[in-house]
Structure formats: C-alpha cells, structure tokens
Amino acid sequence: MQFMCLIYNAEDNGPQPGTEEFGPYMQGYMDFTEEVREAGKLLGGEALQSVSTATTVSVRGGKTEVVDGPFAETKEQLGGFYILDCKDLDEALAYAAKIPDAAYGRVEVRPVMIFD
Amino acid sequence: MLPPVHAQSLVARLIREDWGRILSSLVSSIGDFSLAEDSLQDAVVSALEVWSKDGAPRNPDAWLITVARRKALDRIRRSQVADRKSSELALWLEQHHSDPEDREMSIPDHRLELIFTCCHPALEEKSRVALTLRALGGLSTEEIANAFLDKPAAMAARLTRAKHKLGAAGVAFKLPDPQDIAERTDTVLSVIYLIFTEGCHATNGEMMRENLVQEAIRLGRILTSLLPDHAEAKGLLALMLLSDSRRLTRRGDSGEFVPLEAQNRARWDQARISEGVALTETALRRAPAGRYGLQAAISAVHAQAKSFDATDWPQIVALYDVLYARFPNPILRINQALALSYADSPEAGLRLLASVEDDGKLASYQPFHACRADLLARLGRHLEAAESYRAAIALSRAPEEASFLETRLSALRLN
C-alpha cells in the first residue's frame, strides 16, 4: 500500500536555520530519506518552501479567483511530505514516527487511493 | 442432521459464545472486516430459516463460516465495484467453498488478531470499545448503544466508520509487530478496563450498563486464555473479579449506596474472591508489578479481611506507595489517605490529602472532598467536614452518591 506522510509544523517551531540544532535536524532528514530508500519504501517526497510563498486558487462559475496565502490559516502548516510503500498502516506509522518533525510538529498518515 | 430443535436458542448461544471466534476466522480468511461481519450476519439469518426447518447441522460453527463465505461471494458479485482486490477475493472464495455439513472442518482461532485490530490506536477510544464489544462479545449495535446511553443510529454510524477506517487506512489483520506489542497490549487492557468501569457507573435499573461488568470479565478471560503469560492481563482480570465480588453488597434494598464498612461480607462472592486472589498472586510473581496487578492486590487485601476493622490497613498503605511510585497519579493519594487514616490516624490521612491539594485538578474531583469530609468528621471537626460534604454533594453525578453524602452531612453536629 502507498501511504502519504504529510508533515505539519509551525514554521517558528523546531530547529531554525542558523542555530546549532539545525545541522543535526537536516542530517536527520537525510538519514531518514536514505533509510526509506535503502529499504525500498521511498516512492517520493519533497520539502516545501515557506507558507509565505503559498497562493490559493479556486474556480467558481467559470471565474478563477486567486488569493495570497495557504488554504487554511492555521498555526501548523504543511511543510513537506513523503510517499512510502508500506505493507500496512503499522509499518507506515513506524516510519512516520522517525520523520524528524514528528518530534516537534505532527505527521498525518493517509493511504493513497489506487484506481485499478 | 439433528432434529429441528430450537434453532433460535442455538443461534443465540452461538452468537453469545462463538461470535468472536467465527468472525475472527472469517476476517482472517477474507481480509475485509466489514464484508466478513455483514456476511456473517447474512449467514445467521439463513441459519434461523434453515435450522428451524431442517434441523441444526452437526458442526454449526463450520456451517456458519461456510455459508458466510458463500454470502461474501454473493455480496462481491452484487456490488458494482469490480476492482482487483475483490476479484481476487471472489476467486479465492470460489476455490475454497466447502460443504456446510462438513463436520471435520476445523476453525482456526484468530481472536487475538481480532482484539488487537478492534483496539488499534488508529481508532478513536470509544470506537475501540464499541467494536470490541461488537466483534468479540457478540453484542448487538442496539445493546452497545443502550450500554453507552447513545442512540442506536449514532452507534451504528460509529461502528460503520470504524470498520471502514480499518479497511481503508490499511490496518492489517495481524498481531502487532514485536516492537509495538507491549504498548498495543496495554491499549487492549485499557479498553477492557474502560468497559468494566463504564459498567460500574451504572445506576439502578440500567441493566445493559450493568452487564458491561460481566462483558468485561468475559473479555478479560478470553484475553488471559489467549495471552497466558501476560501478567497484567491476569492482574486486570483479578481486579475486575475482586471488585465484582462485592457487587451485591454495594447497594442497599432501595438502591442506596453502601460503603465498604457497612457491607455484609457474608454476601461477598467467595468464588470470585478465591479466583481473583489466585490470579493476583500469579500476576505479581513477575517484577515489576503492573498497575492492574497492584490494584488487584489492594482489592484482595479488602476481600480477605474478615471485617472492616480486621483489614490489614498498613499493607494497603504500603501497596499504594508502590503504586504511586510507579504511576504518580494524585487520585491514588485519596484512597491512600483513607487507608492511612485507619492504619495511623485521620490526621495522617489529612496531611497526605493536603500534599496533593495543590494539584488544581482535584478541586473539582468529588472523591477528594468526600474523603476529606470523612476524615474531618472523624476528628470531630464538624464545621469543616460540613463544608467538604457540601462540595462533594455539589460534584456528585449519581443521585445515590449524593444522598449518601447528605445522610452523612445531616449526622454532623453543626452548632
């Protein structure tokens, strides 16, 4: 099964660039990515740019509306994701718990819909 | 074929006793929790028709499983979803069809997988409880709704959501992975204990809620039989049995609350007590003692005391110390303060209570005030006691609790 791990955190929470903790934190991501790749679980994953760069689009009655900002103004924002191929939810949750931001923010695990 | 006897009562007994085993075997073979349960329901409907006409089969469990598999195949064919998963399942079911009269068919027991699945942490706590009662206990949705004072439709929706999530979220029907097993077993124990405490809170006449106590004990027995080496599973069963041994004496003839010191010990259930004591001893043989085992030990000291005065209070105080050291919850100090008031003095009890008073949460906790009131009253400090009784009465949720405290309050000399 494919699971998407959505990484949520407040941007000012957790290790910040320029601090001592930032290096080990980034290393944590590289190690995690390497681990899931080695295990053959990694299908994809990206980090996203700051929520200040977000633009939200909607179309109503044929008219496109563009607004500055994310879909929802919440404290914790989507900061990145992984798509992992796991045998079941337990395995996906075990990997999600190893994502460095699980220790600061939260990781939502959602199965990917497969159409066949 | 057996003569057509009481198909209805045979089916009721099977649901009562074997539902969990049959359902677990079905889920294990067809994988899909909802489909397994729906098909088993269909099979039960057929059983009622066929058995009352033709008589019961020699192996009713196997009959139900075989027919349920056939019903599952019908359901897949009827549904318009033709994805790969269901076509594979349909193929499997076609290849594995058997004769419902097959007496030799053995039914593998997958109840442990079923318990862990129903108590999966990906489900909301209340759904875990409901699903466990439904799947393992064979309770109907209506019975579960009554037990939790919910509307049947709301409970049905909850169960449907939970089963759908198990399937769609990728919860596998299996035992937990080795690194998760300890935590996941704790979750199962807490679900069973929650069912038990819910039953203990039943007020007079709430039959279905009272039954929850017996359901929890039954689930506790199933769990100890499936996990024979798990000390805390034994501790939990012991705790429930010992507490239940006093069930009949906890209320008076008109439903009023009867405190431990006034209970008629001759009516305590000795079979429950001896089973509970034996289980407690096994549960505590392995260190470190768990929370259920220690609570069972405290309950066992009470159960074995010939009278209230003959209670080994120092032993109870010591057990609370061990429990508090491992699980520092201020609520434990309330019961310990009461024990200490008999082991030492009411003043000592009050001092222990004062040590947790700063914990803001206790200000709105009824037993804290009830305990304090009792200790103050025994010291002759009646004005202060009255104040605490009033606080406790205001916080009481059950009417018989409040009226018990009212009686105590009116016995004080306030001028």
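1. Packing around H2 of chain A. In this predicted model, the buried residues of H2(A) pack against strand E1 (2-9), H1, strand E5 (77-85) and strand E6 (106-111) of chain A. Those buried residues are A:Leu89, A:Asp90, A:Ala92, A:Leu93, A:Tyr95 and A:Ala96. H2(A) covers residues 89-96, and six of its eight residues are buried, so the helix is largely enclosed by the rest of the structure. Note that A:Asp90 is on the buried list.

2. The other helix of chain A. H1(A) runs over residues 22-38 and has 17 residues. From first C-alpha to last, H1(A) reaches 24 Å. That is close to the 24 Å expected at 1.5 Å a residue. Just after H1(A) comes A:Gly40, with a positive phi of about 75°.

3. Chain A as a whole. Chain A holds two helices and six strands. Read from the N terminus, their order is β-α-β-β-β-β-α-β. The C-alpha trace of chain A spans about 45 × 45 × 20 Å along its principal axes. Chain A has 116 residues, and 19% of them count as buried. What share of its contacts between residues at least 6 apart in sequence joins residues at least 24 apart? The figure for chain A is 75%.

4. Chain B as a whole. Chain B has 19 helices and zero strands. Its C-alpha trace spans about 80 × 45 × 35 Å along the principal axes. Of its 415 residues, 41% count as buried. Take the contacts in chain B with a separation of 6 or more: residues 24 or more positions apart account for 64% of them.

5. Where the chains meet. The contact between the chains involves 11 residues of chain B and eight residues of chain A. On the chain B side, the classes are six nonpolar, one polar and four charged residues.

6. Two domains in chain B. Domain 1 of chain B takes in residues 7-95, and domain 2 takes in 110-228. Their C-alpha centres lie 21 Å apart. The contact draws 15 residues from domain 1 of chain B and 12 residues from domain 2 of chain B. Which helices supply the domain 1 side? Helix H1 (7-30) and helix H2 (33-54) of chain B each give at least two residues. H1(B) has the largest share, with 10 residues. By class, the domain 1 side divides into five nonpolar, six polar and four charged residues.

7. A helix pair in chain B. Helix H9 (residues 181-200) of chain B packs with helix H11 (residues 231-244) of chain B at an angle of about 5°. Their axes are 11 Å apart. How do the two helices run relative to each other, roughly parallel or roughly antiparallel? Angles under 35 degrees count as roughly parallel, and H9(B) and H11(B) are therefore roughly parallel to each other. H9(B) contributes B:Leu189, B:Ile192, B:Tyr193 and B:Phe196 to the contact. H11(B) contributes B:Glu232, B:Ala233, B:Leu236 and B:Met240. This contact has seven nonpolar residues, no polar residues and one charged residue.

8. B:Lys174. This residue is found in the loop between helix H8 (152-168) and H9 of chain B. Is B:Lys174 exposed or only partly exposed? B:Lys174 has 15 C-beta neighbours inside 10 Å, so it counts as partly exposed. Along the chain, B:Lys174 and B:His110 are 64 residues apart.

9. B:Leu149. Look at the backbone here. B:Leu149 is not a glycine, although it has a positive phi of about 50°. B:Leu149 is placed in the loop between helix H7 (141-147) and H8 of chain B. Why does B:Leu149 count as exposed? Because it has 11 C-beta neighbours inside 10 Å, and a residue with 12 or fewer falls in the exposed class.

Notes:
Residues are numbered from 1 along each chain as its sequence is written. Chains are lettered from A and ligands numbered from 1 in the order in which they are written. This is a predicted model: local features need pLDDT of at least 70, side-chain atom pairs count only at pLDDT 80 or more; totals for chains, interfaces and linings use all residues. Axes are lines fitted to C-alpha atoms, for helices over the stretch in contact, and angles run from 0 to 180 degrees between N-to-C directions. Helices (H or I, at least four residues) and strands (E, at least two) are DSSP runs, numbered from the N terminus. Angles under 35 degrees count as roughly parallel, over 145 as roughly antiparallel, 65 to 115 as roughly perpendicular and the rest as oblique. Two residues are in contact if their C-beta atoms, placed from the backbone, lie within 7 Å. Ala, Val, Leu, Ile, Met, Phe, Trp, Tyr, Cys and Pro count as nonpolar, Asp, Glu, Lys and Arg as charged, and the others, Gly among them, as polar. Domain bounds come from an automatic or database domain assignment. The expected span of a helix is 1.5 Å times one less than its number of residues. A residue is buried if 20 or more other C-beta atoms lie within 10 Å of its own, exposed if 12 or fewer, and partly exposed in between; C-beta atoms are placed from the backbone.
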